[in-house]
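Please look through the sequence and the model shown here before reading on.

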Amino acid sequence: MAVLLLAEVAGGELSVDATAKTVTAAKALGDVTILCASAGCGGAAEAAAKLDGVVKVLCADDAAYGHDLAEPVADLIVSLAGDYDHILAPATSSAKNVMPRVAALLDVMVMSDVSGVVDGDTFQRPIYAGNAIQTVKSSDNKKVLTIRTTSFDAAGQGGSAAVESIAAVANPGLSEWIEDKVAQSDRPELTSAGVVVSGGRGIGSEDGFQLIEKLADKLGGAVGASRAAVDSGYAPNDWQVGQTGKVVAPDLYIAVGISGAIQHLAGMKDSKIIVAINKDEEAPIFQVADFGLVADLFDAVPALIEEL
Amino acid sequence: MKVLVPVKRVIDYNVKVRVKADGTGVDLANVKMSMNPFDEIAVEEAIRLREAGKVAEVVVVSIGMKQSDQTLRTALAMGADRAILVVAADDVHQDIEPLAVAKILKAVVDEEKPDLVLAGKQAIDNDMNATGQMLSALLGWSQATFASDIDIDGDHATVTREVDGGLRTIKVKMPTIITVDLRLNEPRYASLPNIMKAKKKPLDQKTAADYGVDVSPRLEIISTGEPDERAAGIKVADVAELVAKLKEAGAV
């Protein structure tokens, strides 16, 4: 069985962690060929060739692939699809943009955010924001999947796959890239941060969130918020963690003044260590917290910043 | 310009999801159902485009059970002009896969000829994040997913997309499919008079067979299980103990 893996390439460089974790999922399915599609992707292809377990690397170096536009990248993958039984990519925003398009062009269902490989046809994936895990068996002749990278260990280095340049396919010219705005903050991105500090309605005001930001900065973490805090206008929408916001799984998640509504828990309960600080000892957040502190957050958080 | 907005009836985001004991799925019987939150944002955006004079008609479409007409009425009460219900399932536990939904939507697009399809980026039940991209592929249209800002100007749309680590702006040719993300807008609540008015707005009912689409699933659901439970934690007495525990666990 042959597997085609679309590497995550950003700015011409391989996102090693996301790609290496997807390689681990792909190795269970067959011989892995990595596709690097980017403008100036030679360096990314060389880096991909070093990943353990990779048999071949295809490098499609063309300006059309420089900004992950879905239409040209999907057409490229479809042009290669005949040789492969499985087509995989890490479940990043760029692959989630392109892989369902690939699947529809091949007239197969996509399986998104796969968290487990049972066999070549059967996969596990979270539904309802991780509140249930579904095992599905595909009857399609080709399987198109995105891989939830937090569920797999990264493949090691030490491979020496051959790199082959391939030609671009015709660009349908339906879209063009204008600009990227990388988040202005010095803080890490919410969905990939190792530490997330989130505030809830208990913070009480927009100014109160400065306390959350201070704690996050102390820990080198990202700032999150519950939907209640966002709806109350204390925090911007892009900080929202939960079923209707972002799903995070950091090593350390600190929930401050968050009661623990179901929709919030759905977005953070896969975190490795959860800390809850809340003055209401009955708050449901304590049921998922490894360490719970019943205290007034306006006393506890400054003390915590002090102690760390 | 005409906008088509697909909406899905899903379990309300405030309801605790319960996995059925026999492992066949999630229990949806007698559970509060609502419009998928991302679809609400898409409906809101379409109505705002009409209010801004850029759009003449907002048509909403839902594919699923007969009861999805309630979700369509909600969209009509928000301000959509007209609704199409495509009955494709007779059991709430039968989720129509995004590929089949995209095929039905393609047939609706062929009939309605909208200039723009505005869809939620994903449904909060199956979390597949696929229907918009699949519809775009089937139509051969451009796509702009995870939109947080949309500017339509003649034969192009400029769309700012939420991507990992920031924002990316692209320009797409019309007609196009845009899937919307959380930051795009805050959906309005339907007022009581508008809820009453919505009852009189046109709602056409069709079936998947009317469009000649086979909705048989490609993915057989083998089992649905609970995620691993978290081990019960402990309460700490004070900040000092919390810091000690975090250090012990290697978390700080």
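The model is predicted. Chain B has 252 residues, and buried residues make up 55% of them. Along the principal axes, its C-alpha atoms fill a box of roughly 65 × 40 × 40 Å. The secondary structure of chain B consists of six helices and 13 strands. If one takes the contacts in chain B between residues at least 6 apart in sequence, 72% of them join residues at least 24 apart.

One stretch of chain B can be followed step by step. Strand E4 of chain B covers residues 57–64, and it pairs with E5(B) in the parallel sense over six bridges. Within this pairing, B:Val60 has B:Ala83 in E5(B) as its bridge partner. Helix H2 of chain B spans residues 68–78, and its buried residues are B:Ser68, B:Thr71, B:Leu72, B:Ala75, B:Leu76, B:Ala77 and B:Met78. In general, an α-helix has 3.6 residues a turn, so residues three or four places apart point the same way. After H2(B) comes B:Gly79, with a positive phi near 140 degrees. Strand E5 of chain B, residues 82–87, is mostly covered, with five of its six residues buried.

Some backbone details of chain B deserve a separate look. B:Asp127 is not a glycine, yet its phi is positive, at about 50 degrees. This residue sits in the loop between strand E6 (116–120) and helix H4 (131–139) of chain B. B:Asp127 has a relative accessible area of 10%, which is under the 20% cut-off, so it counts as buried. B:Phe146, also a residue other than glycine, has a positive phi near 60 degrees. Its place is in strand E7 of chain B, residues 142–153. With a relative accessible area of 4%, B:Phe146 is buried. Another detail is the cis peptide bond between B:Met174 and B:Pro175, where omega is about -5 degrees. B:Pro175 belongs to the loop between E9 and strand E10 (176–180) of chain B.

Now to the other chain. How many residues of chain B are in contact with chain A? The count is 76 residues of chain B, in contact with 82 residues of chain A. The size of an interface is often given as the accessible area lost when the parts come together. Between chain B and chain A the buried area is about 6700 Å², and carbon and sulfur atoms give 57% of that.

There are seven salt bridges between chain B and chain A. In a salt bridge between the two chains, the side chains of B:Arg168 and A:Asp68 meet at 3.2 Å, N to O. Strand E9 of chain B, residues 166–173, gives the largest share of the side that touches chain A, namely eight residues. By class, that side of chain B has 39 nonpolar, 16 polar and 21 charged residues.

Helix H3 of chain A, residues 70–80, is largely enclosed by the rest of the structure, because eight of its 11 residues are buried. These are A:Ala70, A:Glu71, A:Pro72, A:Val73, A:Ala74, A:Leu76, A:Ile77 and A:Leu80.

Note on methods. Residues are numbered from 1 along each chain as its sequence is written. Chains are lettered from A and ligands numbered from 1 in the order in which they are written. This is a predicted model: local features need pLDDT of at least 70, side-chain atom pairs count only at pLDDT 80 or more; totals for chains, interfaces and linings use all residues. Side-chain values use heavy atoms; hydrogens and water are left out. Contact means heavy atoms within 4.5 Å. Buried area is the accessible area (1.4 Å probe) that two parts lose on being put together, summed over both. A salt bridge is a side-chain nitrogen of Lys or Arg within 4 Å of a carboxyl oxygen of Asp or Glu. Helices (H or I, at least four residues) and strands (E, at least two) are DSSP runs, numbered from the N terminus. Ala, Val, Leu, Ile, Met, Phe, Trp, Tyr, Cys and Pro count as nonpolar, Asp, Glu, Lys and Arg as charged, and the others, Gly among them, as polar. Buried means under 20% relative accessible area, exposed over 50%, partly exposed in between (1.4 Å probe, protein chains only). Two strands pair if DSSP finds at least two bridges between them.
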